[in-house]
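Please open the model in a viewer and keep the selection tool at hand. The stops below are to be taken in order.

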Amino acid sequence: LANFVTRCYLDAVEERGRFTISVTGGKALDLLARAITKEPYLSFVDWRKWFVFILEERCVPLTSPCSSYRMVDEMFLRHLRIPELQVFPAYDPEVRLDE
């Protein structure tokens, strides 16, 4: 998965100058994070070119143990140098699960 994402990153940067990815918590994130947060990816990738959109299907606060954002942050973002303003969690505190 990390090789595939890296190829997509290289193609996107060549075409558009940036790489955009949407992620959520779960097994795919775990698989990607285990590889891409380590060498050779860690040094090879220009993380300033990444724009990360975090999907949140659970309608919980970002700090909730069930939050996809929290999982992505702990497993992925904390280990990379993606600028904070290029990370976009999909969260609206006005939306509740029971609505």
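Rings of Phe, Tyr and Trp, the last represented by its six-membered ring, are taken as a pair if their centres lie within 6.5 Å. The coordinates to which this rule is applied here are those of a predicted model.

**Aromatic rings**

Select Y9, F19, W47, W50 and F76 together: ring pairs link these residues into a cluster. How many aromatic pairs does the rule give? The count comes to six aromatic pairs. Are W47 and W50 buried or exposed? Both W47 and W50 are buried.

Select F53 and F88 next. The rings of F53 and F88 form a stacked pair, with 4.7 Å between centres and 15 degrees between the planes. With the cartoon displayed, F53 is found in strand β2 (residues 50-54) and F88 in strand β3 (residues 87-89), so this pair ties together parts that are 35 residues apart in sequence.

Move to helix α2, which comprises residues 27-36. Select R34 and D30: these residues form a salt bridge in which the closest N and O atoms are 2.9 Å apart. Both residues lie in helix α2, four residues apart, or about one turn of the helix. How exposed is R34? R34 counts as exposed, because its relative accessibility of 59% is above the 50% limit for that class. D30, at 27% relative accessibility, counts as partly exposed.

L31 also lies in helix α2. Select L31 with L1 and F4 and display the surface: the three residues make a nonpolar patch of about 310 Å². L31 itself is exposed, with a relative accessible area of 52%.

Then select P40, which is found in the loop between α2 and α3 (41-44). Which form does the peptide bond from E39 to P40 take? The bond is cis, with omega near 5 degrees.

The structure holds five salt bridges, among them the one between R34 and D30 already visited. For another, select E74 and R70, whose side chains meet with an N to O distance of 3.1 Å. Being four residues apart in helix α4 (residues 68-75), E74 and R70 are separated by about one helical turn. E74 is partly exposed, with a relative accessible area of 34%, and R70 also counts as partly exposed, at 30%.

Why is D73 classed as buried? D73 has a relative accessibility of 16%, and buried means under 20%, so D73 falls in that class. R78, by contrast, is exposed, with a relative accessible area of 57%.

Note on methods: Residues numbered from 1 in each chain as written. Predicted model: local features only at pLDDT ≥ 70, side-chain atom pairs only at ≥ 80, totals over all residues. Heavy atoms only, no water. Patch = residues over 30% accessible without salt bridge, like charges linked within 9 Å, V, L, I, M, F, W, Y side chains within 5 Å. Areas by Shrake-Rupley, 256 points an atom, 1.4 Å probe, with all protein chains shown as cover. Salt bridge = Lys/Arg side-chain N within 4 Å of Asp/Glu carboxyl O. Helix = DSSP H or I, 4+ residues; strand = E, 2+ residues; numbered from the N terminus. Buried < 20%, exposed > 50% of the residue type's maximum accessible area, 1.4 Å probe, protein only. Phe/Tyr/Trp six-rings, centres within 6.5 Å; stacked < 30°, edge-to-face > 60°.
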